[in-house]
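Take a walk through this model, one region at a time. Keep the sequence at hand as you read.

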Amino acid sequence: MISITIPAPEVTIFKQENPVLSNIYGFTDFHLITREAGGIFMFYNDKDELLFVGKARKLRPRIKKHFEDNVSVMKPHRDEVTKIEVCLVEDPVDREIYETYIVNKLKAKYNVEKVLYK
């Protein structure tokens, strides 16, 4: 049997209530997320329920794209996101394994691909 441990987040950013600074859907701290490293990211709602898990070669641009892109699966649910956790995982195979594992173990609400638990 294989044992997988979900990595601890390296960065967690929270939605601001009335942000004074420039923001995207209330998030002002995207600068804390690395622009160059790869990893996995998780979007949570205010009840700490996992909404979506994704992976990226370059984390910050990919995460921001979910809030700006017209084809993102998160487009109708962007207002629900109140917390973003980021884990650095450089190896692409490891990213794929973690993403699939987290989607199924924590039953991410809006992931439609890689779902094995239905």
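Where is the place of lysine 107? Lysine 107 sits in the segment after α2. Helices (H or I, at least four residues) and strands (E, at least two) are DSSP runs, numbered from the N terminus. The model is predicted: local features need pLDDT of at least 70, side-chain atom pairs count only at pLDDT 80 or more, and totals for chains, interfaces and linings use all residues. Residues are numbered from 1 along each chain as its sequence is written, and side-chain values use heavy atoms, with hydrogens and water left out.

Stay with lysine 107. Its phi is near 50 degrees, a positive value in a residue other than glycine. Most residues other than glycine have a negative phi. Lysine 114 also lies in the segment after α2. Here phi is positive too, about 70 degrees. Lysine 114 is partly exposed because its relative accessible area is 26% (buried means under 20%, exposed over 50%, partly exposed in between, with a 1.4 Å probe and protein chains only).

Now step back to α2 itself. At 1.5 Å a residue, its 14 residues should span 20 Å, and its end C-alpha atoms are 20 Å apart, which agrees. The expected span is 1.5 Å times one less than the number of residues. At the start of α2, a side-chain oxygen of aspartate 91 comes within 2.9 Å of the backbone nitrogen of valine 93. The buried residues of α2 are Arg95, Glu99, Ile102, Val103 and Asn104. Their cover includes β2 (39-44) and β3.

Glu99 leads on to the largest pocket. The volume of this pocket is about 240 Å³. Its lining has 15 residues, and Phe52, Val53, Glu99, Asn111 and Glu113 are the closest to the centre. β3 (50-56), α1 (59-68) and α2 (92-105) each supply at least two lining residues. β3 gives the largest share, four residues. By type, the lining divides into seven nonpolar, three polar and five charged residues. A pocket here is an open set of points on a 1 Å grid over the protein atoms alone, where a 1.4 Å probe fits, with protein on both sides within 12 Å along at least five of seven lines; lining residues have an atom within 4 Å of a point.

Finish at aspartate 79, in the loop between α1 and β4 (83-88). Is aspartate 79 buried or exposed? Aspartate 79 is exposed, since its relative accessible area is 59%. Aspartate 79 still touches Lys15 and Tyr25, not counting residues up to four places away in sequence (contact means heavy atoms within 4.5 Å).

How values were computed:
Points joined across faces, edges and corners; volume = space filled by probe spheres on them. Nonpolar A, V, L, I, M, F, W, Y, C, P; charged D, E, K, R; others polar. Polar contact = N/O pair within 3.5 Å; in protein donor to acceptor, adjacent residues only side chain to side chain.
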